[in-house]
2 protein chains.
Amino acid sequence: MKKLINEPEDVVDEMLEGMVAAHPEYVRRLEGTNVLVRADAPVEGMVGIVSGGGSGHEPTHAGYLGEGMLTGAAAGEVFTSPTADQLQGMIAACEGGAGVLCVVKNYEGDVMNFETAIELAELEGETDVEYVVVDDDVAVEDSLYTSGRRGVCGTILVHKIAGAAAARGDDLSEVKRLAEKVVDGVGTMGMALTSCTTPEKGEPTFDLPDDEIELGIGIHGEPGVERTDVMGADAVAEHLTERVLEDLDLAEGARVATIVNGMGATPLMELYVVNRRVQELLDERGFDVGECWVGDYMTSLDMAGCSVTVLELDEELEELLGAPADTPALTVRGD
Amino acid sequence: MKKLINEPEDVVDEMLEGMVAAHPEYVRRLEGTNVLVRADAPVEGMVGIVSGGGSGHEPTHAGYLGEGMLTGAAAGEVFTSPTADQLQGMIAACEGGAGVLCVVKNYEGDVMNFETAIELAELEGETDVEYVVVDDDVAVEDSLYTSGRRGVCGTILVHKIAGAAAARGDDLSEVKRLAEKVVDGVGTMGMALTSCTTPEKGEPTFDLPDDEIELGIGIHGEPGVERTDVMGADAVAEHLTERVLEDLDLAEGARVATIVNGMGATPLMELYVVNRRVQELLDERGFDVGECWVGDYMTSLDMAGCSVTVLELDEELEELLGAPADTPALTVRGD
């Protein structure tokens, strides 16, 4: 294993220190925890939008802290849920008097710990805490770590849209409604050229021969649902996009947003080559593409590969997706 | 070789198509060429800022097209200079009546082709074309592809500062003066955990055993100047930063901007771990850090590794670095 780390057990702590050192105008760390919050949290009168999960998916989650996106982000150990007490501390630090919405990726550990944190918060008198569970991965119904589908790259669209709604002053029930609308209308499918290697284990989490790829991988080093011979970028783009479209079952001529997401070790050049065919295909099918993002949004350590996300848009979602955001990983001018 | 591409000979063309498909509001392609320009180029009355070079360094260069940065970006084949006629076409398309500044990374092919393009442009009557050559790599005096030092990640800071100066209406000589000030005050040093693999060759450009790293690598698959045993992230950060600081020989207490740049296949988590020690060290030495960027800015295909860039700031450079920019790869709100 070759990685730019020191001791494997220090990687999350040191990463968070490096983030705060890079972006003190955006983020601060809650002392003694692995929770980062917006530098100006809590934002008075604004619904706090918080998320969190295992580390190894950077820039998810803390890269999206800032105006128009997340108020708080809790980092667990690599591929491990943050603890309920840290999540509770985050909720408390992000409560600006208008309640808090937790955006939870659908993994058993995350859901359980967020639910416990919300119960603990209620015991402390914070009663306006709601949550939504994101389960956009169309590859599998149940997985190694989930009942139901996994939450993957579509989560970023929930952060963006819920964050924009909160920023313009929507109340908690309205922010939650919009977040759930994104959850209902988004699908993602991923693939890998290589496995990832966790710092602790130091070896690939699955073996993949030089002439094979995995389709339907998750973001925690789970093997995929299907192994095939190496395919060209166009064939990969078609497979992933078709599977997502099948699942979403969109109306003819629907307007959509797309993400071609890198898994952590994929050159941007390759993501654009994939995007070319994704857009061509959507055009052939008569869909109308609004926002089109290409880059590393939800990664899996050093995995090479990509995922394709499609979100069905309507007027209110599109407005929020294009609204201003100012975070370390995503900035939208919005003018 | 496993890559998300189709035929190796189509990779640049298809990447550019994928970029235009993703960002039609930012970029358009000059027909029949591998040149992308700002969607609204030429910008009347504004100095055009153009750059270009071999592909494989994405988001460099076309990712920086837009308000406050580049007006034109020419993409050569992978690690190969764009041709002089394409560069000339780019210069013509970016001339808005206030002249054009070419930002050239110091490689023999790039310098020669830009010089020829400028001569050709002059024959066509475009006399207000100037250029600056960026040579920020402190690792080597001469290299496989250069007389003098190589141009690497510091180039992005030239794009940002020259682009901001042009956007606020500075004239060509002033924009060039500022660009040269950045060139004079910036240094970069890089390292690799792995070699890159070009699509054409299909094999790593150099061999690197599992227990060794290369220090002083370039961005074209050149081996480094020194091979050592694997080091931890802190030791890597110290080595790179020290070498850059030695070269820059800054005044005590100087204010600087920094980039911890990924080479293409490095997880963001690791870049933040490196940044932690870079910032700690600069603080120990009494330097005062302004802008601090962490991410993939100037890559080398699928190489794993990083580089550290330090730029000496003064009031005028810092103002331009923080000024608004709106491009696919870098957005600065600037408010």
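1. Which residue of chain A comes closest to the rotation axis? A:Ala265 does, with its C-alpha at 1.9 Å. In this predicted model, local features need pLDDT of at least 70 and side-chain atom pairs count only at pLDDT 80 or more, whereas totals for chains, interfaces and linings use all residues. Residues are numbered from 1 along each chain as its sequence is written, chains are lettered from A in the order in which they are written, and side-chain values use heavy atoms, with hydrogens and water left out.

2. Chain A is superposed on chain B by a rotation of 180 degrees with 0.0 Å of shift along its axis, the RMSD being 0.0 Å (least squares on C-alpha atoms of residues with pLDDT of at least 70 in both copies). The two copies are thus related as by a two-fold rotation axis.

3. In chain B, six strands (DSSP E runs of at least two residues) form an open sheet of mixed pairing in the order 1-2-4-3-5-6, where pairing requires at least two DSSP bridges between two strands. Strand 1 (27–29) and strand 6 (129–134) of chain B stand at the edges with a single partner strand each, so one side of each is left without a neighbour in the sheet.

4. Strand 5 (residues 100–105) of chain B pairs with strand 6 of chain B in the parallel sense over six bridges, and B:Val103 stands opposite B:Val132 in strand 6 of chain B.

Technical notes:
Helices (H or I, at least four residues) and strands (E, at least two) are DSSP runs, numbered from the N terminus.
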